[in-house]
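Please look over the sequence and the model below before reading on. The briefing then takes the chain topic by topic.

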Amino acid sequence: MKVNIWVAVIVLIVGLWDLYYAYNRYQEKKVTKRGSKADAISFAILGTIFTIGGIIMLFMR
């Protein structure tokens, strides 16, 4: 299966952005001590999936 390079780059960027967003949310929750960290964990999981998917798509090209 051939994958377009732009799709792989966009998926990789979205994954890295999700990881960055999760890290910032985790740091924010750590300082304020309110709410659960489940939202930061869910963004980290999605970011990991998208990043790994983007890397695999780059190699499938």
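What follows covers the helices, the surface and the aromatic rings. This is a predicted model, in which local features need pLDDT of at least 70 and side-chain atom pairs count only at pLDDT 80 or more, while totals for chains, interfaces and linings use all residues. Residues are numbered from 1 along each chain as its sequence is written, and side-chain values use heavy atoms, with hydrogens and water left out.

**Overall make-up**
- The chain contains two helices and zero strands; helices (H or I, at least four residues) and strands (E, at least two) are DSSP runs, numbered from the N terminus.
- Of the 61 residues in the chain, 20% are buried (buried means under 20% relative accessible area, exposed over 50%, partly exposed in between, with a 1.4 Å probe and protein chains only).
- Among contacts (heavy atoms within 4.5 Å) with a separation of 6 or more, 73% join residues 24 or more positions apart.

**Helix α2**
- Helix α2 covers residues 38–60, which is 23 residues.
- From first C-alpha to last it reaches 33 Å, close to the 33 Å expected at 1.5 Å a residue; the expected span is 1.5 Å times one less than the number of residues.
- Its buried residues are Ala-40, Gly-47, Thr-51 and Gly-54.

**Surface**
- A nonpolar patch on the surface consists of Trp-6, Ile-10, Val-14, Leu-46 and Phe-50, together with about 490 Å² of accessible area.
- Leu-46 is in helix α2 and is partly exposed, at 42% relative accessibility.

**Aromatic rings**
- There are two aromatic pairs: rings of Phe, Tyr and Trp (its six-membered ring) pair if their centres lie within 6.5 Å, and planes under 30 degrees apart count as stacked, over 60 as edge-to-face and the rest as tilted.
- Trp-17 and Tyr-21 are stacked, at 5.3 Å centre to centre and 15 degrees between the planes.
- Both Trp-17 and Tyr-21 lie in helix α1, four residues apart, about one turn of the helix.
- Tyr-21 and Phe-43 are edge-to-face, at 4.8 Å and 75 degrees.
- Tyr-21 lies in helix α1 and Phe-43 in helix α2, so this pair ties together parts 22 residues apart in sequence.

How values were computed:
Patches are made of residues with over 30% relative accessible area and no salt bridge: like charges are joined within 9 Å, nonpolar side chains (Val, Leu, Ile, Met, Phe, Trp, Tyr) within 5 Å. Accessible areas come from the Shrake-Rupley method with a 1.4 Å probe; for residues, only the protein chains shown count as cover. A salt bridge is a side-chain nitrogen of Lys or Arg within 4 Å of a carboxyl oxygen of Asp or Glu.
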